[in-house]
Amino acid sequence: KSIWLNVTAPSTWLSCWPMDSNIEDYGPQGPPDLGVADINEHGREFHSGWFECTYTKDKGRVLHATRDFDEGDIILEESPLHIVQEDETNAAFRRLKELCQEFADDFDYEPLWYWCALKSLTEEQLQGVMLGGWDACSKATQHKLLLLHHDGVCDASSSSEILARELAPGIDAVTIERLTQIWVLNCFEYSDHPQGYSSYFFSSFMSHSCWPNAVWRYSGADHVLRARRKIKAGDEVTISYLPEHGLLQTTPARRAELHDTKRFWCACERCTAPQDLSRGFVCPKCGNGKVFARTPELGPAKDDTLLATQLWAVVCNDCGAPTDQHDAARLTKEEAALKRQVEDISERARGTLAPSLMELQAAEAQADAVFAQHASMDLLWEQLSDCYGRRGSVADQRRLLRSRCEFHNKAYEGLNGAHAWAVEALADAMLQSGTQSGTSGKTVSKQGRQQRQQQQQQQLDDQPDPNEALRLYDEAFRLLKLMFGSDHEYVTQVERKRQVVLKSLAPSYAQRSSA
């Protein structure tokens, strides 16, 4: 449920933006070629001056609100700056596809990325193009495109040189390289048939945060941004470059994904917090409390590896005992094992050899003994709840969906789409009837009175509960409406489900009223 394009940028791109030793002397306007004045003029013309762009030495260009916004308020609506779609009727586009195949080692991306760059050239630049050419981009649009974020380009890649030679002999290959990079780093999906990408101007200057205060959606082709919590005048306006579920991942995983796709190492509030609340464990000393890994050190990391050093000498929130190096090494090995297990269960669930009930129970019990509040546990619960649901073990499916919702609330403060969708899934499960006994209390091997009580509770938990389903649908509706608006398909889908449940409950409500 994400339409932000995550594309790995090639390591051959060079970061050659000229750095002035007195760059701080530029002040909030920054170097003139960064276009801060142009950005603010656009904001005054199209967005009522509700935002101000300024330059900072650490983050570059950022946007700050000039007025207050409440949670759920629309804060910006913007039409696309430029839209580019595949065009099989165009001879130049067909030739581009051939070039990508003939010189496969030189082209890092699919043809559409390069077509976006070529379709961003002006009429003057397109003089002498081959194969009949293509529609030109206006100078004003290209000027704004060139203001979007990209690393400084010193040299053209071999792919840009090939495009200039074969399709546009009069074009400087460095210009094609720069425009390609701009599209890769700033574009969004626009259409599927034909496949197309779009770019936006003002919203492209909103920085990423793993705890963003705004969220965007499409309304037709337009970008609509809403406040996902209260924003005060002077606050920086941030969005997430990750999908909603990505915000729940461990800090090393989030930072590595952002570096691979957007070429920066995140240093937001969550990535620099003392604890990684998506990477928690059962205390290895007392077995009751929790220990949380530290977030990574600032700056570049090798990859998304969960390091044992981030678990050295972290303190239990119950007994107060610190972990030692042996504990840290064991816990990181358990993390790697859990990751492999989730991948295995996911692959088998999609195939013909689905995990057995005993395997599901064992995977859950083993993980529960080690992990207390961990993103990989959320992924495991997602897989296991689906497996239990397919087996008719509705009580177990509901139990794990509740665990997922609890994890989301603890790991991420505020509105989150992945949490809302898990609440919706739990509401769906509350309308189902169980057909097979599962684990329920996770002590199915015990005998006697306790086991009989658990079996009786299992039978109750397997029954449909439309009243609880309605409560959960109400909550999912509230969360998604604040984030995406009442007309979005995420919201209307939940509303349809709510209406079905309300209709089924109408007779009982009528009886209560008459009584």
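# A chat about the cores and helix contacts

Reply: The largest nonpolar core holds 106 residues, and Ile 75, Leu 96, Trp 115 and Trp 134 touch the most other members. Keep in mind that this is a predicted model.

Me: What does Ile 75 contact, leaving aside its neighbours within four places in sequence?
Reply: Its partners are Trp 50, Phe 51, Phe 69, Ala 214, Leu 225, Arg 226, Ala 227, Ile 231 and Val 237.

Me: Let's back up. How many helices and strands does the protein have?
Reply: There are 15 helices and 13 strands.

Me: And what share of the residues is buried?
Reply: Buried residues make up 50% of the 515 in the protein.

Me: What part of the contacts with a separation of 6 or more comes from residues 24 or more positions apart?
Reply: That part is 69%.

Me: On to helices. At what angle do H10 and H11 pack?
Reply: The angle is about 155°, and the axes are 8 Å apart. H10 covers residues 375-391, and H11 covers 394-411. An angle over 145 degrees counts as roughly antiparallel, so that is how H10 and H11 run relative to each other. Their crossing is left-handed.

Me: Which residues meet there, between H10 and H11?
Reply: From H10 come Ala 375, Asp 378, Trp 381, Glu 382, Leu 384, Ser 385, Tyr 388 and Gly 389. From H11 come Asp 396, Gln 397, Arg 399, Leu 400, Leu 401, Ser 403, Arg 404, Phe 407 and His 408. By class, the contact of H10 with H11 has seven nonpolar, five polar and five charged residues.

Me: Now H11 and H12. How do they cross?
Reply: Their axes cross at roughly 160° and come within 9 Å. H12 spans residues 417-430. H11 and H12 are therefore roughly antiparallel to each other. This crossing of H11 and H12 is left-handed.

Me: Which residues make the contact of H11 and H12?
Reply: H11 puts in Val 394, Gln 397, Arg 398, Leu 401, Arg 402, Arg 404, Cys 405, His 408 and Asn 409. H12 puts in Ala 418, His 419, Ala 422, Val 423, Ala 425, Leu 426, Ala 429 and Met 430. By class, the contact of H11 with H12 comes to ten nonpolar, four polar and three charged residues.

Me: What about H3 and H6, what angle do they make?
Reply: They pack at about 120°, with axes 8 Å apart. H3 and H6 are therefore oblique to each other. H3 passes H6 in a right-handed crossing.

Me: Which residues of H3 and H6 meet?
Reply: Trp 113, Tyr 114, Cys 116, Ala 117 and Leu 118 are on the H3 side. Ile 176, Leu 179, Thr 180, Trp 183 and Val 184 are on the H6 side. Nine residues in the contact of H3 with H6 are nonpolar, one is polar and none is charged.

Me: Which residues of H5 are buried?
Reply: Ser 159, Ser 160, Ile 162, Leu 163 and Ala 164 are. H5 itself is residues 158-166.

Me: And what covers the buried residues of H5?
Reply: The cover includes helix H2 (91-102), helix H3 (111-118) and helix H6 (173-186).

Me: New topic. Which residues does a cis peptide bond join?
Reply: His 193 and Pro 194, with omega about -5°. Pro 194 sits in the loop between strand S5 (188-192) and strand S6 (195-199). Most peptide bonds are trans.

Me: What is phi like at Leu 131?
Reply: Phi is near 60° there, a positive value in a residue other than glycine. Leu 131 is in the loop between H3 and helix H4 (139-147). With 46% relative accessibility, Leu 131 counts as partly exposed.

Me: And what is phi at Ala 313?
Reply: Phi of Ala 313 is positive too, about 55°. Ala 313 lies in the loop between strand S12 (290-292) and helix H8 (325-350).

Me: Last one. Is Ser 203 buried or exposed?
Reply: Ser 203 is buried, because its relative accessible area is 6% and the cut-off is under 20%. Ser 203 is in the loop between S6 and strand S7 (207-208).

Me: What does Ser 203 touch, leaving aside its neighbours within four places in sequence?
Reply: Its contacts are Leu 76, Glu 78, His 223, Leu 225 and Ile 239.

Note on methods
Residues are numbered from 1 along each chain as its sequence is written. This is a predicted model: local features need pLDDT of at least 70, side-chain atom pairs count only at pLDDT 80 or more; totals for chains, interfaces and linings use all residues. Side-chain values use heavy atoms; hydrogens and water are left out. Axes are lines fitted to C-alpha atoms, for helices over the stretch in contact, and angles run from 0 to 180 degrees between N-to-C directions. Helices (H or I, at least four residues) and strands (E, at least two) are DSSP runs, numbered from the N terminus. Angles under 35 degrees count as roughly parallel, over 145 as roughly antiparallel, 65 to 115 as roughly perpendicular and the rest as oblique. A crossing is left-handed if the near helix is turned anticlockwise from the far one by less than a right angle, and right-handed if clockwise. Contact means heavy atoms within 4.5 Å. Ala, Val, Leu, Ile, Met, Phe, Trp, Tyr, Cys and Pro count as nonpolar, Asp, Glu, Lys and Arg as charged, and the others, Gly among them, as polar. Buried means under 20% relative accessible area, exposed over 50%, partly exposed in between (1.4 Å probe, protein chains only). A nonpolar core is a set of buried Ala, Val, Leu, Ile, Met, Phe, Trp, Tyr and Cys residues joined through side-chain atoms within 4.5 Å.
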